Amino acid sequence: MGMKPSTNDEHDVENAKLDKSREKAPRNSRVVKVPNQALLSGLAYCISSCSMILVNKFVLSSYDFNAGISLMLYQNFIAMVLVFMLSLMGLVSTEPLTWRLIKVWLPVNVIFVGMLITSMFSLKYINVAMVTVLKNVTNVITALGEMYLFKKYHDSRVWAALFLMIISAITGGITDLSFNAIGYAWQTLNCFLTASYSLTLRRVMDTAKQVTKSGNLNEFSMVLLNNTLSLPLGIFLIIVFNEVDYLLRTPLLRLPSFWLVMTFSGFLGLAISFTSMWFLHQTGATTYSLVGSLNKIPLSVAGILLFKVPTSLENSASIFFGLLAGVFFARAKIRERSQS
(Lines give C-alpha, C1' and ligand atoms only; values in the text may rest on other atoms or scores of the structure.)
Protein backbone atom coordinates (compact mmCIF):
# COMPACT_ATOMS: atom_id res chain seq x y z
CA MET A 1 0.00 0.00 0.00
CA GLY A 2 1.74 2.97 -0.22
CA MET A 3 0.92 0.46 1.94
CA LYS A 4 3.92 -0.13 3.41
CA PRO A 5 6.36 -2.07 3.06
CA SER A 6 2.39 -2.21 4.31
CA THR A 7 3.06 -2.55 3.97
CA ASN A 8 1.18 -2.35 5.49
CA ASP A 9 0.56 -3.51 8.18
CA GLU A 10 1.53 -5.19 8.13
CA HIS A 11 3.58 -2.96 10.24
CA ASP A 12 5.63 -5.64 11.96
CA VAL A 13 7.66 -5.47 8.75
CA GLU A 14 8.72 -1.96 9.73
CA ASN A 15 10.39 -3.27 12.88
CA ALA A 16 12.31 -5.80 10.82
CA LYS A 17 13.69 -3.00 8.64
CA LEU A 18 14.83 -0.70 11.44
CA ASP A 19 18.48 -1.58 11.14
CA LYS A 20 18.41 -0.67 7.44
CA SER A 21 15.94 2.20 7.48
CA ARG A 22 17.60 5.41 8.58
CA GLU A 23 18.22 6.82 5.11
CA LYS A 24 19.10 10.48 4.71
CA ALA A 25 16.28 12.81 3.76
CA PRO A 26 16.18 13.90 0.10
CA ARG A 27 18.44 16.88 -0.54
CA ASN A 28 15.83 18.61 -2.64
CA SER A 29 13.12 18.30 0.02
CA ARG A 30 11.60 21.48 1.37
CA VAL A 31 12.40 21.56 5.08
CA VAL A 32 9.80 23.15 7.34
CA LYS A 33 10.69 23.87 10.97
CA VAL A 34 7.99 22.44 13.22
CA PRO A 35 8.23 22.52 17.03
CA ASN A 36 7.92 19.20 18.92
CA GLN A 37 8.46 17.18 15.76
CA ALA A 38 9.12 13.98 17.72
CA LEU A 39 5.69 14.15 19.38
CA LEU A 40 3.95 15.30 16.21
CA SER A 41 5.55 12.61 14.04
CA GLY A 42 4.73 9.93 16.63
CA LEU A 43 1.08 10.95 16.73
CA ALA A 44 0.92 11.07 12.94
CA TYR A 45 2.45 7.59 12.68
CA CYS A 46 0.07 6.10 15.27
CA ILE A 47 -3.03 7.69 13.73
CA SER A 48 -2.17 6.71 10.15
CA SER A 49 -1.22 3.11 10.97
CA CYS A 50 -4.34 2.55 13.11
CA SER A 51 -6.60 4.24 10.58
CA MET A 52 -5.31 2.10 7.70
CA ILE A 53 -6.28 -1.17 9.36
CA LEU A 54 -9.65 0.16 10.57
CA VAL A 55 -10.54 1.58 7.14
CA ASN A 56 -9.62 -1.70 5.42
CA LYS A 57 -11.78 -3.58 7.94
CA PHE A 58 -14.61 -1.15 7.28
CA VAL A 59 -14.41 -1.64 3.50
CA LEU A 60 -14.14 -5.44 3.67
CA SER A 61 -16.66 -6.11 6.46
CA SER A 62 -19.08 -3.18 6.84
CA TYR A 63 -19.40 -2.68 3.08
CA ASP A 64 -19.06 -6.46 2.62
CA PHE A 65 -16.68 -5.92 -0.30
CA ASN A 66 -15.58 -9.32 -1.59
CA ALA A 67 -12.67 -8.27 -3.79
CA GLY A 68 -9.65 -7.87 -1.51
CA ILE A 69 -7.14 -8.11 -4.37
CA SER A 70 -8.91 -5.30 -6.22
CA LEU A 71 -8.82 -3.16 -3.07
CA MET A 72 -5.08 -3.78 -2.75
CA LEU A 73 -4.56 -2.95 -6.44
CA TYR A 74 -6.45 0.33 -6.18
CA GLN A 75 -4.61 1.38 -3.02
CA ASN A 76 -1.25 0.60 -4.60
CA PHE A 77 -2.20 2.52 -7.74
CA ILE A 78 -3.13 5.59 -5.66
CA ALA A 79 0.15 5.37 -3.71
CA MET A 80 2.18 5.00 -6.92
CA VAL A 81 0.54 8.05 -8.51
CA LEU A 82 1.03 10.15 -5.37
CA VAL A 83 4.73 9.29 -5.02
CA PHE A 84 5.29 9.91 -8.75
CA MET A 85 3.63 13.35 -8.48
CA LEU A 86 5.62 14.24 -5.35
CA SER A 87 8.79 13.23 -7.16
CA LEU A 88 7.94 15.39 -10.18
CA MET A 89 7.29 18.34 -7.85
CA GLY A 90 10.70 17.85 -6.23
CA LEU A 91 9.27 17.18 -2.77
CA VAL A 92 10.78 13.70 -2.53
CA SER A 93 13.59 11.91 -4.33
CA THR A 94 13.14 8.51 -5.95
CA GLU A 95 15.42 6.20 -7.89
CA PRO A 96 14.71 5.59 -11.61
CA LEU A 97 13.08 2.19 -12.21
CA THR A 98 15.69 0.45 -14.33
CA TRP A 99 15.46 -3.14 -15.59
CA ARG A 100 18.42 -4.12 -13.42
CA LEU A 101 16.68 -2.80 -10.31
CA ILE A 102 13.38 -4.46 -11.26
CA LYS A 103 15.07 -7.85 -11.74
CA VAL A 104 16.71 -7.64 -8.33
CA TRP A 105 13.53 -6.47 -6.60
CA LEU A 106 10.99 -8.80 -8.26
CA PRO A 107 11.26 -11.69 -5.72
CA VAL A 108 10.69 -9.22 -2.86
CA ASN A 109 7.70 -7.75 -4.67
CA VAL A 110 6.01 -11.12 -5.22
CA ILE A 111 6.18 -11.78 -1.46
CA PHE A 112 5.02 -8.18 -0.80
CA VAL A 113 1.89 -8.70 -2.91
CA GLY A 114 1.17 -12.03 -1.22
CA MET A 115 1.59 -10.36 2.18
CA LEU A 116 -0.92 -7.61 1.35
CA ILE A 117 -3.49 -9.96 -0.19
CA THR A 118 -3.46 -12.46 2.68
CA SER A 119 -3.77 -9.53 5.09
CA MET A 120 -6.90 -8.37 3.26
CA PHE A 121 -8.41 -11.85 3.25
CA SER A 122 -7.75 -12.46 6.96
CA LEU A 123 -9.04 -9.01 7.98
CA LYS A 124 -12.37 -9.74 6.30
CA TYR A 125 -13.01 -12.76 8.53
CA ILE A 126 -11.19 -11.94 11.81
CA ASN A 127 -11.72 -9.02 14.16
CA VAL A 128 -9.02 -6.36 14.38
CA ALA A 129 -7.92 -7.21 17.93
CA MET A 130 -7.30 -10.89 17.11
CA VAL A 131 -5.50 -9.99 13.87
CA THR A 132 -3.21 -7.75 15.92
CA VAL A 133 -2.44 -10.53 18.41
CA LEU A 134 -1.98 -13.20 15.73
CA LYS A 135 0.46 -10.96 13.87
CA ASN A 136 2.81 -11.40 16.83
CA VAL A 137 3.52 -14.88 15.48
CA THR A 138 5.39 -13.13 12.66
CA ASN A 139 8.05 -12.14 15.19
CA VAL A 140 8.56 -15.79 16.15
CA ILE A 141 9.00 -16.86 12.51
CA THR A 142 11.33 -13.93 11.84
CA ALA A 143 13.50 -14.76 14.86
CA LEU A 144 13.83 -18.36 13.70
CA GLY A 145 14.65 -17.16 10.18
CA GLU A 146 17.33 -14.83 11.53
CA MET A 147 18.95 -17.74 13.34
CA TYR A 148 18.93 -19.95 10.26
CA LEU A 149 19.81 -17.38 7.59
CA PHE A 150 21.92 -14.78 9.40
CA LYS A 151 23.20 -16.74 12.41
CA LYS A 152 21.69 -14.06 14.64
CA TYR A 153 20.93 -15.40 18.11
CA HIS A 154 18.64 -13.79 20.67
CA ASP A 155 18.86 -13.73 24.46
CA SER A 156 16.49 -15.42 26.91
CA ARG A 157 14.29 -12.33 27.38
CA VAL A 158 13.48 -12.19 23.68
CA TRP A 159 12.61 -15.89 23.54
CA ALA A 160 10.47 -15.54 26.68
CA ALA A 161 8.51 -12.75 24.98
CA LEU A 162 8.12 -14.83 21.83
CA PHE A 163 6.83 -17.77 23.90
CA LEU A 164 4.26 -15.48 25.53
CA MET A 165 3.17 -14.35 22.06
CA ILE A 166 2.56 -17.94 20.98
CA ILE A 167 0.56 -18.70 24.14
CA SER A 168 -1.58 -15.57 23.68
CA ALA A 169 -2.27 -16.42 20.03
CA ILE A 170 -3.36 -19.97 20.92
CA THR A 171 -5.53 -18.96 23.88
CA GLY A 172 -6.97 -16.06 21.87
CA GLY A 173 -7.99 -18.40 19.06
CA ILE A 174 -9.54 -20.91 21.47
CA THR A 175 -11.61 -18.23 23.25
CA ASP A 176 -12.52 -16.25 20.09
CA LEU A 177 -16.34 -16.12 19.98
CA SER A 178 -16.26 -15.15 16.30
CA PHE A 179 -13.65 -17.79 15.33
CA ASN A 180 -13.42 -18.33 11.57
CA ALA A 181 -11.16 -21.12 10.30
CA ILE A 182 -10.76 -19.54 6.85
CA GLY A 183 -9.67 -16.24 8.37
CA TYR A 184 -7.19 -17.92 10.70
CA ALA A 185 -5.73 -19.90 7.79
CA TRP A 186 -5.21 -16.70 5.79
CA GLN A 187 -3.65 -14.99 8.81
CA THR A 188 -1.26 -17.89 9.41
CA LEU A 189 -0.14 -17.66 5.78
CA ASN A 190 0.20 -13.90 6.19
CA CYS A 191 2.54 -14.35 9.17
CA PHE A 192 4.85 -16.56 7.09
CA LEU A 193 4.78 -14.16 4.13
CA THR A 194 5.39 -11.10 6.33
CA ALA A 195 8.39 -12.77 7.97
CA SER A 196 9.64 -13.90 4.55
CA TYR A 197 9.30 -10.34 3.25
CA SER A 198 11.42 -8.83 6.03
CA LEU A 199 14.07 -11.58 5.79
CA THR A 200 14.23 -11.41 1.98
CA LEU A 201 14.36 -7.62 2.09
CA ARG A 202 17.52 -7.74 4.21
CA ARG A 203 19.24 -9.95 1.66
CA VAL A 204 18.09 -8.01 -1.40
CA MET A 205 18.56 -4.47 -0.06
CA ASP A 206 22.35 -4.34 -0.40
CA THR A 207 22.21 -5.78 -3.93
CA ALA A 208 19.45 -3.35 -4.90
CA LYS A 209 21.49 -0.37 -3.68
CA GLN A 210 24.38 -1.44 -5.89
CA VAL A 211 22.26 -1.25 -9.06
CA THR A 212 20.77 2.20 -8.32
CA LYS A 213 22.30 5.36 -9.76
CA SER A 214 22.83 7.00 -6.36
CA GLY A 215 23.91 3.84 -4.55
CA ASN A 216 20.99 4.30 -2.18
CA LEU A 217 17.35 3.23 -1.90
CA ASN A 218 15.18 5.39 0.33
CA GLU A 219 11.66 4.75 1.63
CA PHE A 220 9.86 6.54 -1.19
CA SER A 221 11.85 4.66 -3.83
CA MET A 222 10.79 1.38 -2.21
CA VAL A 223 7.15 2.51 -2.10
CA LEU A 224 7.26 3.47 -5.79
CA LEU A 225 9.07 0.26 -6.73
CA ASN A 226 6.79 -2.06 -4.75
CA ASN A 227 3.54 -0.44 -5.82
CA THR A 228 4.47 -0.12 -9.50
CA LEU A 229 5.58 -3.74 -9.78
CA SER A 230 2.49 -4.93 -7.88
CA LEU A 231 0.09 -3.62 -10.53
CA PRO A 232 0.60 -6.24 -13.31
CA LEU A 233 0.74 -9.06 -10.75
CA GLY A 234 -2.42 -7.72 -9.08
CA ILE A 235 -4.30 -7.60 -12.40
CA PHE A 236 -3.24 -11.19 -13.10
CA LEU A 237 -4.49 -12.34 -9.67
CA ILE A 238 -7.79 -10.51 -10.10
CA ILE A 239 -8.37 -12.58 -13.23
CA VAL A 240 -7.22 -15.83 -11.58
CA PHE A 241 -9.49 -15.33 -8.53
CA ASN A 242 -12.37 -14.27 -10.81
CA GLU A 243 -12.89 -10.91 -9.10
CA VAL A 244 -13.75 -9.32 -12.47
CA ASP A 245 -17.19 -10.96 -12.48
CA TYR A 246 -17.87 -9.72 -8.94
CA LEU A 247 -16.73 -6.18 -9.81
CA LEU A 248 -19.09 -6.07 -12.77
CA ARG A 249 -22.05 -7.16 -10.63
CA THR A 250 -21.53 -5.34 -7.31
CA PRO A 251 -23.56 -2.13 -6.77
CA LEU A 252 -20.85 -0.81 -4.45
CA LEU A 253 -18.85 0.59 -7.36
CA ARG A 254 -21.77 2.91 -8.13
CA LEU A 255 -21.59 4.51 -4.67
CA PRO A 256 -19.50 7.73 -4.52
CA SER A 257 -19.02 7.21 -0.77
CA PHE A 258 -17.44 3.82 -1.39
CA TRP A 259 -14.94 5.28 -3.87
CA LEU A 260 -14.18 8.06 -1.38
CA VAL A 261 -13.35 5.53 1.36
CA MET A 262 -11.25 3.42 -1.03
CA THR A 263 -9.30 6.46 -2.23
CA PHE A 264 -8.79 7.61 1.36
CA SER A 265 -7.30 4.20 2.18
CA GLY A 266 -4.79 4.70 -0.65
CA PHE A 267 -3.73 8.03 0.85
CA LEU A 268 -3.41 6.37 4.26
CA GLY A 269 -1.12 3.71 2.82
CA LEU A 270 1.32 6.36 1.66
CA ALA A 271 0.86 8.28 4.92
CA ILE A 272 2.13 5.26 6.86
CA SER A 273 5.30 5.18 4.76
CA PHE A 274 5.90 8.91 5.23
CA THR A 275 5.04 9.15 8.95
CA SER A 276 7.02 6.03 9.89
CA MET A 277 10.11 7.42 8.16
CA TRP A 278 9.53 10.86 9.71
CA PHE A 279 9.06 9.40 13.20
CA LEU A 280 12.13 7.17 12.84
CA HIS A 281 14.30 10.15 11.88
CA GLN A 282 12.97 12.29 14.74
CA THR A 283 13.45 9.67 17.46
CA GLY A 284 15.31 6.47 16.61
CA ALA A 285 14.87 2.73 16.25
CA THR A 286 14.34 2.18 20.00
CA THR A 287 11.45 4.62 20.45
CA TYR A 288 10.00 3.68 17.07
CA SER A 289 9.89 -0.01 17.97
CA LEU A 290 8.35 0.54 21.41
CA VAL A 291 5.69 2.98 20.16
CA GLY A 292 4.81 0.54 17.37
CA SER A 293 4.09 -2.13 19.97
CA LEU A 294 2.15 0.20 22.29
CA ASN A 295 0.14 1.45 19.31
CA LYS A 296 -1.52 -1.98 18.99
CA ILE A 297 -3.36 -1.49 22.29
CA PRO A 298 -5.63 1.43 21.23
CA LEU A 299 -5.99 -0.21 17.81
CA SER A 300 -7.35 -3.41 19.36
CA VAL A 301 -9.74 -1.51 21.65
CA ALA A 302 -10.98 0.63 18.74
CA GLY A 303 -11.49 -2.48 16.61
CA ILE A 304 -13.64 -4.15 19.28
CA LEU A 305 -15.74 -1.03 19.97
CA LEU A 306 -16.22 0.25 16.41
CA PHE A 307 -17.20 -3.10 14.91
CA LYS A 308 -19.16 -4.32 17.97
CA VAL A 309 -17.12 -7.51 18.25
CA PRO A 310 -18.65 -10.14 20.56
CA THR A 311 -16.08 -10.99 23.19
CA SER A 312 -15.70 -12.71 26.54
CA LEU A 313 -13.59 -12.07 29.60
CA GLU A 314 -11.29 -14.95 28.62
CA ASN A 315 -10.81 -13.66 25.07
CA SER A 316 -10.27 -10.08 26.23
CA ALA A 317 -7.67 -11.32 28.70
CA SER A 318 -5.90 -13.30 25.94
CA ILE A 319 -5.83 -10.23 23.67
CA PHE A 320 -4.49 -8.00 26.46
CA PHE A 321 -1.91 -10.66 27.35
CA GLY A 322 -0.78 -10.78 23.72
CA LEU A 323 -0.48 -7.00 23.51
CA LEU A 324 1.62 -6.91 26.68
CA ALA A 325 3.79 -9.68 25.24
CA GLY A 326 4.37 -7.42 22.22
CA VAL A 327 5.52 -4.57 24.49
CA PHE A 328 7.71 -6.99 26.45
CA PHE A 329 9.21 -8.19 23.16
CA ALA A 330 10.00 -4.61 22.07
CA ARG A 331 11.71 -3.87 25.40
CA ALA A 332 13.68 -7.11 25.22
CA LYS A 333 14.87 -6.24 21.70
CA ILE A 334 15.88 -2.78 22.89
CA ARG A 335 17.99 -4.24 25.69
CA GLU A 336 19.50 -6.81 23.34
CA ARG A 337 20.41 -4.08 20.86
CA SER A 338 21.98 -1.89 23.55
CA GLN A 339 24.16 -4.78 24.75
CA SER A 340 25.37 -5.83 21.30
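**Close-up views of a predicted helical protein**

**View 1. Helix 4 and helix 5 of the predicted model cross each other.** The axes of helix 4 (residues 68-88) and helix 5 (residues 99-125) come within 9 Å and cross at roughly 125 degrees, where axes are lines fitted to C-alpha atoms, for helices over the stretch in contact, and angles run from 0 to 180 degrees between N-to-C directions. Helix 4 is therefore oblique to helix 5; angles under 35 degrees count as roughly parallel, over 145 as roughly antiparallel, 65 to 115 as roughly perpendicular and the rest as oblique. The crossing of helix 4 with helix 5 is right-handed, a term used if the near helix is turned clockwise from the far one by less than a right angle, with left-handed for anticlockwise. From helix 4, Gly 68, Ile 69, Leu 71, Met 72, Gln 75 and Asn 76 meet Phe 112, Val 113, Leu 116, Ile 117, Met 120 and Phe 121 of helix 5, contact meaning heavy atoms within 4.5 Å. Nine of the residues in this contact are nonpolar, three are polar and none is charged (Ala, Val, Leu, Ile, Met, Phe, Trp, Tyr, Cys and Pro count as nonpolar, Asp, Glu, Lys and Arg as charged, and the others, Gly among them, as polar).

This is a predicted model, in which local features need pLDDT of at least 70 and side-chain atom pairs count only at pLDDT 80 or more, while totals for chains, interfaces and linings use all residues. Residues are numbered from 1 along each chain as its sequence is written, and side-chain values use heavy atoms, with hydrogens and water left out.

**View 2. Helix 7 and helix 8 pack against each other.** Helix 7 (residues 137-150) and helix 8 (residues 156-174) pack at an angle of about 140 degrees, and their axes are 8 Å apart. Helix 7 is therefore oblique to helix 8, and the crossing of these two helices is left-handed. On the side of helix 7 the contact is made by Val 137, Asn 139, Val 140, Ala 143, Leu 144 and Met 147, and on the side of helix 8 by Trp 159, Leu 162, Met 165, Ile 166 and Ala 169. By class, this contact has 10 nonpolar residues, one polar residue and no charged residues.

**View 3. Two loop residues have positive phi.** Asp 64, in the loop between helix 3 (37-62) and helix 4, has a positive phi of about 55 degrees although it is not a glycine. Because its relative accessibility is 43%, Asp 64 counts as partly exposed (buried means under 20% relative accessible area, exposed over 50%, and partly exposed in between, with a 1.4 Å probe and protein chains only). Lys 308 lies in the loop between helix 14 (296-306) and helix 15 (313-339), and its phi, near 50 degrees, is likewise positive in a residue other than glycine. At 71% relative accessibility, Lys 308 counts as exposed.

View 4. Thr 98, found in the loop between helix 4 and helix 5, counts as partly exposed at 27% relative accessibility. The C-alpha atoms of Thr 98 and Thr 212 are separated by 8.1 Å, although these residues are 114 residues apart along the chain. Arg 335 belongs to helix 15 and is partly exposed, with a relative accessible area of 40%. Arg 335 and Arg 157 are 178 residues apart in sequence, yet 9.1 Å apart in space, C-alpha to C-alpha.

**View 5. The whole protein gives the setting for these views.** The protein has 15 helices and zero strands, counted as DSSP runs (H or I, at least four residues, for helices; E, at least two, for strands) and numbered from the N terminus. Of its 340 residues, 56% are buried.
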